[in-house]
Amino acid sequence: MMRVKFYKPINETLKKFIKGYYFFLEKDEYDSICYWTFPNNYNIVSVTQNVSIIKRDNKIMITPSKEKNIFSHITYRYDTPIEIFYEKPLNEITIYFEPLGLNFFTDKVEVYYSKDNTKEVEFDPFPDFKKEMEKIFSIQEREKQIEQLEDYWLSKFVHKDVSMIKELIADIEANAKIEEVAKKHKISRQYLNKIFQKNIGKSPSEYRKIHRFRKSITDKNQVKNLTELSYENLFYDQSHFVKDFRDLTFKSPKTFFEKINTERETVWFFP
């Protein structure tokens, strides 16, 4: 099984907006690789060198291309597992942005979030983006590569006041009813939904379902059993817990936790 090192940002400013990065290298020692990734609330930007990418429904196929290129795509919304298949090792940098993270680097997030998420959504936010990514790929030393990557994103950083959206997110994460959240903030349910779609790329109910699922993964090693885990993570009952897991993973909670290493930053399943 391929081992992936997940790097957390070094820069203190970026730590607030980016969860971390991982890198694949063309010279990595494996042939083809296939794994499943499960829904989360991060917005994931993957930048790959000299590739052809095809996304259909819940599968992404990445193959080498004879044409020299930089292809970048964003995954912002999925509520079932995605199968990722690499025909062979390739150069890739993947960045996990916090749910509101990208909003601080580009004013175009809603443009990407409005596109068909069942197909590959190309991400090319700045005139110099692909050129700078090409330079970063050419750096051999990982520490310098990360430094250059962080310098680039810092050059695009713009402070914004998102305090209201953060309050909405906190209420949704606390399992407040959507109607009550809208009423508390004196907005309609429709407008609340519009705010989430525009700034995060998914509805409040989708966000909450995935947040609850991901929190249960984080909390798994701190509880005695799955019943306690479902209670601690605000599932209505055990059947609700099982249903959400089957929806989001195609597996029961018991089977999921038997097959997945919850200690890793990247919670993937290798068949």
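Which residues touch the most other members of the largest nonpolar core? Select Tyr21, Ile74, Leu149 and Trp153, which hold that position among its 46 residues. A nonpolar core is a set of buried Ala, Val, Leu, Ile, Met, Phe, Trp, Tyr and Cys residues joined through side-chain atoms within 4.5 Å; buried means under 20% relative accessible area, exposed over 50%, and partly exposed in between (1.4 Å probe, protein chains only).

The model is predicted: local features need pLDDT of at least 70, side-chain atom pairs count only at pLDDT 80 or more, and totals for chains, interfaces and linings use all residues. Residues are numbered from 1 along each chain as its sequence is written, and side-chain values use heavy atoms, with hydrogens and water left out.

Beyond its neighbours within four places in sequence, leucine 149 is in contact (heavy atoms within 4.5 Å) with Tyr21, Phe23, Ile93, Ile95, Met133 and Ile136. Another core, of 20 residues, lies apart from the largest one and includes Val51, Ile53, Phe71 and Trp268.

Proceed to the salt bridges (a side-chain nitrogen of Lys or Arg within 4 Å of a carboxyl oxygen of Asp or Glu), of which the structure holds 15. Select aspartate 247 and lysine 209, whose side chains form one at 2.9 Å, N to O. Aspartate 247 belongs to helix 9 and lysine 209 to helix 7 (residues 204–219), so the pair ties together parts 38 residues apart in sequence.

Key: Helices (H or I, at least four residues) and strands (E, at least two) are DSSP runs, numbered from the N terminus.
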